[in-house]
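Biologist: Put the model on screen, please. I have some quick things to go through.

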Amino acid sequence: MRFEKRDKLVMIGDSITDCGRARPYGEGRVEARGSGYVMQTDSLLQSAYPSLGIRVINMGISGNTVRDLQERWKSDVLDLKPDWLSILIGINDVWRQYDAPLMTEKHVYLEEYAEVLEKLVFETRSQLKGLVLMTPFYLEPNEQDPMRATMDAYGAVVRRIAEKYDTVFVDTQAAMDQLLKHNYAAALAWDRVHPNQSGHMAIARAFLNAVGFDWRGEEA
């Protein structure tokens, strides 16, 4: 596995990351890391690799776009001095274009999304042992659906940036598509955005697989 002993992993994003995490920092007792994929990732790391003592901090904030991440980047990423950083952002950048079409000031269009995300990656990559970029997703199997098609375009930006800066890449949409082969979208997320625990576990599995997690743990 790519994580080393006592590594600090900061996971930043929007509501999918947040999931009710503690403030100001999402770490500590009980559900301090929230109730979603960050908590599941931490639980799997601690149970499979207890000797590594990996520190996981949830810095998701519900409703955030990449524009919001840029505003809080210093306090919520750089000041924490992570060894590893994961970024899952873009869902609200796309969603506001569809659920609030007249409120254009809230829209983060593709060009701005790409520019800001790449800027954050460029400025931060050299300070980290590792960076994980995760695609935004939409729980809609029809790839011709307007919001799904837009989300896929944002995901393609994440892939391009990951390749350019040699980061770990997680195709979160692909992980969700596997679930959608066997589940109706509303059974996974009532709004096709906020997944149930199965959806969050799919994100955690995709993330851990990408960083070389051995599901047999330290007994391997």
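Biologist: Which residues does Lys-8 touch, leaving out those up to four places away in sequence?
Modeller: Lys-8 touches Arg-55, Ile-57, Leu-80, Lys-81, Pro-82, Asp-83 and Trp-84. Contact means heavy atoms within 4.5 Å. One caveat: this is a predicted model, where local features need pLDDT of at least 70 and side-chain atom pairs count only at pLDDT 80 or more, while totals for chains, interfaces and linings use all residues. Residues are numbered from 1 along each chain as its sequence is written, and side-chain values use heavy atoms, with hydrogens and water left out.

Biologist: Where does Lys-8 lie?
Modeller: In strand E1. Strands (E, at least two residues) and helices (H or I, at least four) are DSSP runs, numbered from the N terminus.

Biologist: Is Lys-8 buried or exposed?
Modeller: Lys-8 counts as buried, at 17% relative accessibility. The cut-offs are under 20% relative accessible area for buried, over 50% for exposed, and partly exposed in between (1.4 Å probe, protein chains only).

Biologist: How far apart are the C-alpha atoms of Lys-8 and Ile-54?
Modeller: They are separated by 6.0 Å. Along the chain, the two residues are 46 apart.

Biologist: New topic. How many aromatic pairs are there?
Modeller: Six, from a search of the whole structure. Rings of Phe, Tyr and Trp (its six-membered ring) pair if their centres lie within 6.5 Å; planes under 30 degrees apart are stacked, over 60 edge-to-face, and the rest tilted.

Biologist: How do the rings of Phe-3 and Phe-207 sit?
Modeller: Their centres are 6.4 Å apart and their planes are at 35 degrees, so the pair is tilted. This pair links distant parts of the chain, 204 residues apart. Phe-3 is in the segment before strand E1 (8-13), and Phe-207 is in helix H9 (residues 197-210). Both Phe-3 and Phe-207 are buried.

Biologist: Why is the pair of Phe-213 and Trp-215 edge-to-face?
Modeller: Because the planes of Phe-213 and Trp-215 are at 70 degrees, with the centres 4.7 Å apart. Phe-213 is buried, at 6% relative accessible area. Trp-215 is partly exposed, at 41%.

Biologist: Which residues do ring pairs link into a cluster?
Modeller: Phe-3, Trp-84 and Phe-207. Trp-84 is also one of the residues that Lys-8 touches.

Biologist: H9 again, then. At what angle does H9 pack with H2?
Modeller: About 55 degrees, with the axes 8 Å apart. H2 spans residues 37-48. Axes are lines fitted to C-alpha atoms, for helices over the stretch in contact, and angles run from 0 to 180 degrees between N-to-C directions. H2 and H9 are therefore oblique. Under 35 degrees is roughly parallel, over 145 roughly antiparallel, 65 to 115 roughly perpendicular, and the rest oblique.

Biologist: Left-handed or right-handed crossing for H2 and H9?
Modeller: Right-handed. A crossing is right-handed if the near helix is turned clockwise from the far one by less than a right angle, and left-handed if anticlockwise.

Biologist: What classes of residue make the contact of H2 with H9?
Modeller: Nine nonpolar, four polar and no charged residues. Ala, Val, Leu, Ile, Met, Phe, Trp, Tyr, Cys and Pro count as nonpolar, Asp, Glu, Lys and Arg as charged, and the others, Gly among them, as polar.

Biologist: And how do H4 and H6 pack?
Modeller: At about 150 degrees, with axes 10 Å apart. H4 covers residues 91-99 and H6 residues 146-164. They are therefore roughly antiparallel. Their crossing is right-handed. The contact includes Trp-95 of H4 and Tyr-154 of H6.

Biologist: What about the angle between H3 and H5?
Modeller: About 30 degrees, with axes 9 Å apart. That makes H3 roughly parallel to H5. H3 passes H5 in a left-handed crossing. Their contact has seven nonpolar, two polar and three charged residues.

Biologist: Backbone next. Which peptide bond is cis?
Modeller: The one from Arg-23 to Pro-24, with omega near 0 degrees. Pro-24 is in the loop between helix H1 (15-18) and H2. Most residues other than glycine have a negative phi, and most peptide bonds are trans.

Biologist: What is phi for Asp-166?
Modeller: About 55 degrees, positive although Asp-166 is not a glycine. Asp-166 is in the loop between H6 and strand E5 (168-170). Asp-166 is exposed, at 62%.

Biologist: And phi of Arg-192?
Modeller: Near 65 degrees, also a positive value in a residue other than glycine. Arg-192 is in the loop between helix H8 (185-188) and H9. Arg-192 is partly exposed, at 29% relative accessible area.
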